[in-house]
Each structure stands twice: as structure tokens, then as C-alpha cells.
Amino acid sequence: MTDGLDRNTVLNELMGTYGKDVWNFAYFLTHRRELADDIAQEVFIKVYEHLYNFRGQSSVKTWLLAITRNTARDVLRSAWIRRVTLMPFHKETAANPSAEQETIDKLMTQQVWAVVFGLPRKLREALLLSSHYGLSMNEMAETLQVSVGTAKSRLHRARAAVSRKLSEDAVMTGEEEWT
Amino acid sequence: MKEPVKDWESQLAGRPPIKNGFTSDLEHKVRERIRMRQRKNKSAFRAVAALMSIVIILGGGWWFRDDWKGMLNLDKPEDALTALLNDPLGDKEVTLSVQLMMYRDFDQIKKPFIIRHPSVTIETIMTEVETMHQPEKFKAFVDKANPDIFMLPVEIYSAMAAEGKLKSLDTLFKQHKFDLEAYHAPLVEMLRLAGGGELYGFTTDFNSSTLLVNRGLFQEQGIALPEAGASIDDILNTAARFKGTGVYGLVTGSGSMERGGLSGFATFIGQSSGLKTLSYGEDKVEASLQSEGWKGVWQRLVDGYKDGWLGESKPIDWSKGAMTNKQIYSTELFANGKTAMIIADDRYYKDLLTYEAATKKPMDWISVPFKLDPGVTNPYDYLSANYVYAINAKSTNEEAAWELLRFIVGKETADKYDRIGDRGPNLLARSAAMKSQLKEKWNGYYGMGVDPERAASGRKDVADGRYIESQREFIKLGKEQMDAVVKGTKTVESALSELQGKLDAFLAGLGGRGGENNE
């Protein structure tokens, strides 16, 4: 990014391209819509103020996700949030599950997301950065500010935890007998 | 993108099952906030500067309109012009830098200050709370940015005061005859103790909790009101008198966002009674849930719940997305006359007033301070400050920095905060400014009698990297065990024993402070 570019134009471009990703990541980390709103705003304000500090050392997406993560961490640690119970993720439930594959897929997707939201934050963010945002191991390590080894370890543990939980749920709901 | 290892993982690549909140409205807010930050007011000469300020405002400067109205609220309108022309900083063109944390809108302070001191430019630097709680990072920030004014968590304020990095305010307060008597004395004392015996910072507001009482419901049932200074036991006994009346005597939760249910309420009551929960040591986090004290608290509350005089506030259902305060409080028990009492935080005080105004259904309620155990382990719930403003000992703009700090924590800002209602802080440090509501509604919060020394140590545990994970697990396991006791499948004793055991196992995995798993 060069000083010659109009900052407002770049900001608009970034918000248009990455706004939803930043908001989603803020929501993934906090489980609270209004916090995701606040964090997303803060992220783009910071981006505007530090635009010329970006030296292309990572992809723009990685840079934005790292800022989002740091901002969300600040919010979660701030005194204000201390007095608020961290809310569990409420998954939407289909009113009448039917045998149609589309509905089953939708339920399965929601179930997977619900399990992912039940993970400890460190594992959740590693998994989503890989599976949802498609970051490479190096990019993930950079976003999380850890070594590649630590990033790999967290991703592995996250995958194992989700697989385990989904198998337990399958047994409890008797899905194995269904199919 | 690397191929997903498992089938389920491909589900995560698509859209998550939530409505994305990044709307054009949010984009607009970002641009608006950036525009606000960029406004600067510079003037070269005192008389010209004062006149320019007036011209801008009278010329329809919408951005300053509320502040101009605020200035006109001074005893006489001409006082506003006098204030401008007698500006002690008028001869000096000064740029003050103010370090801020993400709290309320600093424009509420910056705008009226600029009107009064047009030759001063204020630059704000937002710091991440992450930076605040890592000593090396914060030191590097301070050395580089060298702000004139800090906005600090109490723990950092304490540390910096001890290191001589902050300017003493005691001398400045005395010199400028700052009216400390108008402020909440325990809070002033707390800040003094946190500063090592001297005031090095000050604040605009504080947090507290107190007993709110629906006087109407007490009168209907002919039950005597709890007295100021009642013990927690007295309060529970009073609540029990509502058994069979059709309303609860007391409910769980703090009223606003805290809806932790019976288990969360047991924790709160236990801590207020001097019992410990989790202790954050260097080598490990320890739980202390298995004691006669905790047994007594849990049993009392479970019995109350089963007898029907203790109600459980339902958690807020966030599944439908963001909600207005009106929606949140439409089912809240105290706000809707379903309980005679609630131990509410300061946020609830403001929210309740707002809800009453919005629904035009005022209730006859008052606040009543109660007695805490001297060994209370959650003093921050009854006396805490979210932030402390302080002057950098190295500031080369001492006079301007003092004028700004004095303005931030002084009478005018406090009066404005009192006037603007729910857009301002909940409980003002300057108790003399709490005028817009009846004293009986808020004096409970000011009368809780917490030992300022206990409160002065702040919330060191929250900065611990293991805090969030351990608290989340404690809350989850506590709820599981309490549910079992309520269902009748476990006794309180066995539930607490299992809670202790499971917590011990989990906490062992967290390890020491600064481990690989923790920040």
C-alpha cells in the first residue's frame, strides 16, 4: 500500500471485501452480536489509522484477522466484560426435522457449528482459521502469534475434540441405528 | 486451501448459521467515527480563538450543539463567554495526547473541553487492553508515545504510581481548591490507597451492587422493609416471608446481564459472605469449594428455590440476535413486579430507570445498602473503578494536562453525565452531582461499606492468562452440580465434593501462570 492511495477509498474497499469475514471472526470469538459489531468497527478504524504501517508481510486477510483477534481479546479481558457471563452459543433448531437430505445437511451443519462453538477459544479459533478462512499453517501461526508447531498442535487437538464430540452425539441420538 | 481432513470439517467452510452483522449501517458508523477523530481545533490567539468558537457554534455547528446548550446551562449565559475569554490556556497553543482504553465515547469530554480551550488540540491514542496487561509492552508504549494523560486500569495505576511515573494530584487538588468532599469518600480513599497513600489519579464513575426493594410489594403483603445495614442472612429471612404470596422474595442474578442462575448466585452470595472460589497462584489455580461455608450457602438457596421464595432469573435468549433493552427487560423479574427484592449491579440501576421511562410503568422501588462480611472476596462487585485518569510525570504540558484532567473529573462533566441519563456512566464519583434521580434510588450503591483497602487491590486475577478458561469451566461445572441438587439426584455435600474434584482435575491441566496454554 502506498501513501499515494486515498485512504478512504482503500478503507471502503477493505470493508466491502472483508467486512463480513471480520464480523464473523469477532462473533466466533465472543458469541455476542453486539460485541462483534463493536469489534468490527474498532478493527476498521484501527486499519484506517495504521494503513501505511502495512508492509505486505502477510496477506491482507491475515492482517485483518490478526487485528480482529487482538481486539476481541481486549474486549473479552476488559473490565466491562468481567461483569457479564459468557453466553453459550444457541444453535437454531429446525422446527420439524424431515427426512429430506437438505434439512439433514442443514441440521448436521448447525450441529457441527454448535460443537465448534463449545470448544475452548484457543482451539476454536485455530480450527476456524483453517477450515473456514482457509489459512495455511504459516498464516495461522502469524495470526495467532504463535509458532507453527503450536498452531499445528492446536488444530490437531481441535479436530480431535470435535470428532470425539460428534461421535458421542451420534451414539446418544441413536443415529447409527437410523442409517 | 488444504483439503479438510474430516467430512464434518467441510461444513465449516460455508456460511456459518448466523446472520452476519456487517451491514452498511455499520460501515457508515466506521466512517463517522473516523471523521470525528480527525476533527482538530486550532487557534492562534486567545480573543480570535474565543470568537471563532462562538461563530462556529452559532453558525449551526451541529456537532457542538449539545455542548453549547450545556454551556448555556451555566448560571448565566454570559458565563459561557466569560469562561472562553478567561481561558487560562488561551495564550498557549498546546497539543495534549491522551491515552484511552475502549470505554465510553471520549467525544463527550473532548468537544466541550475544546470549546472552553480552543487553543488546545487533543490527540487520542487507543490502547489495546492486551498492551495494558503486559508490563513490557506497556512500558514500550509509554516510552514511545509518552502521552500527557493516561487512562489506566486500577492495577496499572497502582504500579505506575509506585514507580513514580504519575504526577501527584494531592498538591494540585489543594492548590486549585478541588472540592474532594463532593466525591464518594470510599472511592477517593480506595484510589488513594491504590496510589500508595497519595492520590495519583482520579475517575468519573464507579461500579457497585446493592439491594433494590419493591416497596409496593412489601406494603401489599404487610411485610416490614429490610433496614439499611441488614446482613445477607437478614435479607434471605425477609425474602422467605414472601413464600406463598405469588411473588418471589428475592431472585438470582444482578439484574442486567448476569443471569448465572442458582449456581452463579450461590457464588456471589458466598463471596459476599467471605468465602473463596478460585485462587490464582504462580504455580497453579486452586479451587476452595468444599467447605461448611459453601455447604450452608448452597443449602439455603436450594431450600429457598424449592420453597418458592427464591426465583431464578432466566438467561437472556440471544438466539434471535441483538435485542433492545426494552426486549431484554420485558421478561426481567424485578422490572416487572415479580419479585420483592434483587441484589442489582449499577448497570441494572440505569437500565431499570430507562425501562420504566420507555414503558411508562414506574414502580415504587428504592435501594437499601446491606452489610458485607469484612472478609468479602468479591469487593470489586461493590466498589471498583473501570479506569483511572492520571497525568504523566514526564508531561511537558503540565498546566494543560491538569486543566483537562480537572475538566474530565470535575463538576461540569459530572453534571452533564447526570443530565444525559443512559448515555452517561451509571454511578458518578462526584456523588453531589447525582441530582436527576431521587436519592433513595441510588444511595444504596454508595452505602455498601466495603473496606477501601480490600477494594484497592483491584482485579489482578482477570489479567491472569488462565482466568477466562478457569471461570468458564467453574461456571459450567457449578451449574451441572446445582442442577443435580435441585433435581434431587445429589445432596449438596456430594455435589460440592464432585465439583471440587472435577475442578481440581481441570485446573491441574491449566498449569502455572505464563504456560504454553496461557497468554
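**Entry 1: Asn70(A)**

I began with Asn70(A), which is buried, at a relative accessible area of 14%. I call Asn70(A) buried because its 14% falls under the 20% cut-off. A reminder to myself: this is a predicted model.

I then looked up where Asn70(A) sits, and found the residue in helix 3 (residues 60-77) of chain A. Leaving out residues up to four places away in sequence, I see Asn70(A) touching Gln145(A) and Glu128(B). I also checked Ala26(A): 44 residues separate it from Asn70(A) along the chain, and their C-alpha atoms are 9.9 Å apart.

**Entry 2: a helix pair in chain A**

Next I turned to helix 6 (residues 121-131) and helix 7 (residues 137-144) of chain A, which pack at about 140° with axes 10 Å apart. That angle is why I note helix 6 of chain A as oblique to helix 7 of chain A. Their crossing is right-handed.

By type, I get four nonpolar, two polar and one charged.

**Entry 3: the cores**

Which residues touch the most other members of the largest nonpolar core? I found Leu152(B), Phe202(B), Leu250(B), Trp298(B) and Tyr389(B), out of 140 residues. Helix 17 (residues 398-409) of chain B gives this core its largest share, eight residues.

Apart from this core I noted another, of 56 residues, including Leu29(A), Ile67(A), Leu135(A) and Leu144(A).

Technical notes
Residues are numbered from 1 along each chain as its sequence is written. Chains are lettered from A and ligands numbered from 1 in the order in which they are written. This is a predicted model: local features need pLDDT of at least 70, side-chain atom pairs count only at pLDDT 80 or more; totals for chains, interfaces and linings use all residues. Side-chain values use heavy atoms; hydrogens and water are left out. A nonpolar core is a set of buried Ala, Val, Leu, Ile, Met, Phe, Trp, Tyr and Cys residues joined through side-chain atoms within 4.5 Å. Buried means under 20% relative accessible area, exposed over 50%, partly exposed in between (1.4 Å probe, protein chains only). Helices (H or I, at least four residues) and strands (E, at least two) are DSSP runs, numbered from the N terminus. Contact means heavy atoms within 4.5 Å. Axes are lines fitted to C-alpha atoms, for helices over the stretch in contact, and angles run from 0 to 180 degrees between N-to-C directions. Angles under 35 degrees count as roughly parallel, over 145 as roughly antiparallel, 65 to 115 as roughly perpendicular and the rest as oblique. A crossing is left-handed if the near helix is turned anticlockwise from the far one by less than a right angle, and right-handed if clockwise. Ala, Val, Leu, Ile, Met, Phe, Trp, Tyr, Cys and Pro count as nonpolar, Asp, Glu, Lys and Arg as charged, and the others, Gly among them, as polar.
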